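Grab a pencil and open the structure in your viewer. Try each task yourself before you read its solution.

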Amino acid sequence: MKSLRRFYQFLGKYKWQMLLFLSISTVTVVLETVRPYWLKGILDNVQTNNFSIVFIYLILFGVSTIGANLVSALSYYFGDKIMIPFSREIRETVFQKIMELDFAYHVDKNTGSLISAFRRGDSAVYSIFHSIHHELYQVFIALIVTLFFLFRASSDIAISLLVLFVFNIFLIWWLIKINLKYRSAFNDSEDKISGIITDSLINYETVKFFAAERKERHRLSTSFDIWSDKFWDFANSFRLMDISIGTSSGIGMLFILWLAIKKVNHGFTLGDLVMVSGFITGFYYQFFNLFFRIRDIAKSITDLDKYFGILENDTQVKDPQNPQTIKNPTGALAFKKIAFAYAGSRDRVLDDINLNIESGQQVAFVGRSGAGKTTLIKLLLRFYDPSAGLILFDGVDIRQLTKSYLRSLMAVVPQEPIMFNNTIKFNLSYGKEKATFSEIKKAAADANILSFIESLPKKWKTEVGERGIKLSGGQKQRLAIARALLTNPKVLIFDEATSNLDSESERQIQSALSAASKNRTVIIIAHRFSTIRKANKIVVLSNGTIAEIGKHRDLIKKGGLYKMLWTLQAKGKLVSNNESLVNTDIK
Ligand SMILES: Nc1ncnc2c1ncn2[C@@H]1O[C@H](COP(=O)(O)OP(=O)(O)OP(=O)(O)O)[C@@H](O)[C@H]1O
Ligand SMILES: [Mg+2]
């Protein structure tokens, strides 16, 4: 019901158009429903040889039939004029909400199920609009018109129809509850299938690596067994509806017809009998219509609950009420006593992090996999707020800045850059819509990707494929560096990929990075230590705390964790590149 209220809040904007649309709709139904009355006029006057009146009724019958058709087309036209902008606005609102939701929401979401909910919600909006304002509304107007004429002919016939109507409404309600129960179970199984299909599509590479096509098919097949059972329960509930409503309406109609027949020659003309049978046979189908419409509405409300439920999600990381801006941002950062645990986990990923980064400094984070390096960056970007402590940007608590402002001061080259399934130009200029072509080219040149782009047959218009699959790891990273540089950030964050690049790509990325380091703070999360020897400060993270801070030379001298990690890596290099340890500059 809450979602229905929200539905009408969205619709409130169109109240005058709705009034016009419903008025036209009313005319359609009246014209359609009144026809048995004109038939009665024709029959009664044929019997009394009053052909001039018969002719008038014939014209009225013709006008009703043709007119109803024309006016109905008009009412659909006005309905669509509301429906199109209305459903678009809802879709855009929900999409925008999803986009604005926390990083944590996106981490937990299931894309397949969300797309299902989105699609079903969208068709629910259409279905509710149509079922309530076209169908249900018309059934009630038809009922009023029918009762009006039936009451004039015979009150016990009219009351019988009313009783049948009320009885059928209860019957319909009971049947719908059964139907929806089975539908909800069927939907769950459908969502599961959709989730498996999406997951397999996203992971197609892994499927291919492991030649697991049969395994995936089996996974789907098991879910389809449940799906079939649920489908049968659902389909059978329709048969139950056919049988119950058909029988109850049939008996009711027979009873009313019998009442009408009994009245012939007792105040009822043949014309009256035809009129009554015309009205009630028209109503026989309305009962089925009523079941489907009410069911559609009830079912759509469940879908709408899920759809509008997205709008109910609260953002945990909120913008401040009175946001601040920084006059001349320089990119000085400070982490003060930061602690953090991911929701649902008791273990702290970060604990007691104290760190100052001056503007223009190049700082490297190193540490074992899972030490919390990427997490620290997520806190800096306010993807999450720390459980304790503060982060300052140029001395201002980042919670005092809006998220979009804060993020506009920084740019990230993520550990695994992902591209939109679009052109190189679209992806490169993503962070700065109004960038000129020369700015785009400069960013590409600084990131060492320009010559590659220009060597492609379609150059800037080359499509990169889903998630950027058509590019190599190194190309994707350089494109991501160019994309970040284009926004001219005060702080550039480079979360180096864990995967190894060949020495040429690595050299290109390093030179891109050193070009990028001018006039800004740079944070490098380094997995290849060759990248960071010249860093102003190396921060060694271990189990979520800072184990060591210093320059390369000092940390090597100190002989702690950094030295150990460095030696391990150098040994790896020795094995892979057949180089001598002496050449790797460990001193
Ligand atoms: N969304 C999440 N929910 C729960 N735990 C998470 C989440 N993201 C990361 N973690 C956990 O937090 C810890 C730190 O992860 P993080 O990604 O910061 O490591 P990292 O130092 O960047 O590692 P790597 O060098 O492998 O990239 C890991 O144990 C990881 O499993
Ligand atoms: Mg990481």
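This is a predicted model: local features need pLDDT of at least 70, side-chain atom pairs count only at pLDDT 80 or more; totals for chains, interfaces and linings use all residues.

Residues are numbered from 1 along each chain as its sequence is written, while chains are lettered from A and ligands numbered from 1 in the order in which they are written.

**Exercise 1. Work out how helix 2 packs on helix 4.**

Step 1: Find the elements. Helices (H or I, at least four residues) and strands (E, at least two) are DSSP runs, numbered from the N terminus. Helix 2 spans residues 15–33 and helix 4 spans residues 51–100.

Step 2: Get the geometry. Two packed helices are described by the angle between their axes and the distance between the axes. Here the axes come within 8 Å and cross at roughly 160°. (Axes are lines fitted to C-alpha atoms, for helices over the stretch in contact, and angles run from 0 to 180 degrees between N-to-C directions.)

Step 3: Name the arrangement. That angle makes helix 2 roughly antiparallel to helix 4. (Angles under 35 degrees count as roughly parallel, over 145 as roughly antiparallel, 65 to 115 as roughly perpendicular and the rest as oblique.) Helix 2 passes helix 4 in a left-handed crossing. (A crossing is left-handed if the near helix is turned anticlockwise from the far one by less than a right angle, and right-handed if clockwise.)

Step 4: Look at who touches whom. Residues of helix 2 in the contact include Leu20, Phe21, Ile24 and Leu31, and those of helix 4 include Val71, Leu74, Phe78 and Ile82. (Two residues are in contact if their C-beta atoms, placed from the backbone, lie within 7 Å.) The residues of this contact split into eleven nonpolar, eight polar and two charged. (Ala, Val, Leu, Ile, Met, Phe, Trp, Tyr, Cys and Pro count as nonpolar, Asp, Glu, Lys and Arg as charged, and the others, Gly among them, as polar.)

**Exercise 2. Now describe how helix 10 packs with helix 4 and with helix 6.**

Step 1: Start with helix 4. Its axis and that of helix 10 (residues 270–312) come within 9 Å and cross at roughly 45°. That makes helix 4 oblique to helix 10. Val94, Lys97 and Ile98 of helix 4 meet Tyr307, Ile310 and Leu311 of helix 10. Sorted by type, this gives five nonpolar, no polar and one charged.

Step 2: Turn to helix 6 (residues 111–153). Helix 6 packs on helix 10 at an angle of about 155°, with the axes 7 Å apart. That makes helix 6 roughly antiparallel to helix 10. The crossing is left-handed, and the contact residues divide into 19 nonpolar, seven polar and seven charged.

**Exercise 3. Is strand 3 (residues 362–367) open or enclosed?**

Step 1: Count. Six of its six residues are buried, so strand 3 is largely enclosed by the rest of the structure. (A residue is buried if 20 or more other C-beta atoms lie within 10 Å of its own, exposed if 12 or fewer, and partly exposed in between; C-beta atoms are placed from the backbone.)

Step 2: Check the faces. In a regular strand the side chains alternate between the two faces of the sheet. Gln362, Ala364 and Val366 are buried on one side, and Val363, Phe365 and Gly367 on the other.

**Exercise 4. Is Lys327 buried or exposed?**

Step 1: Locate Lys327. Its place is in the loop between helix 10 and strand 1 (333–340).

Step 2: Count neighbours. Lys327 has 7 C-beta neighbours inside 10 Å, so Lys327 counts as exposed.
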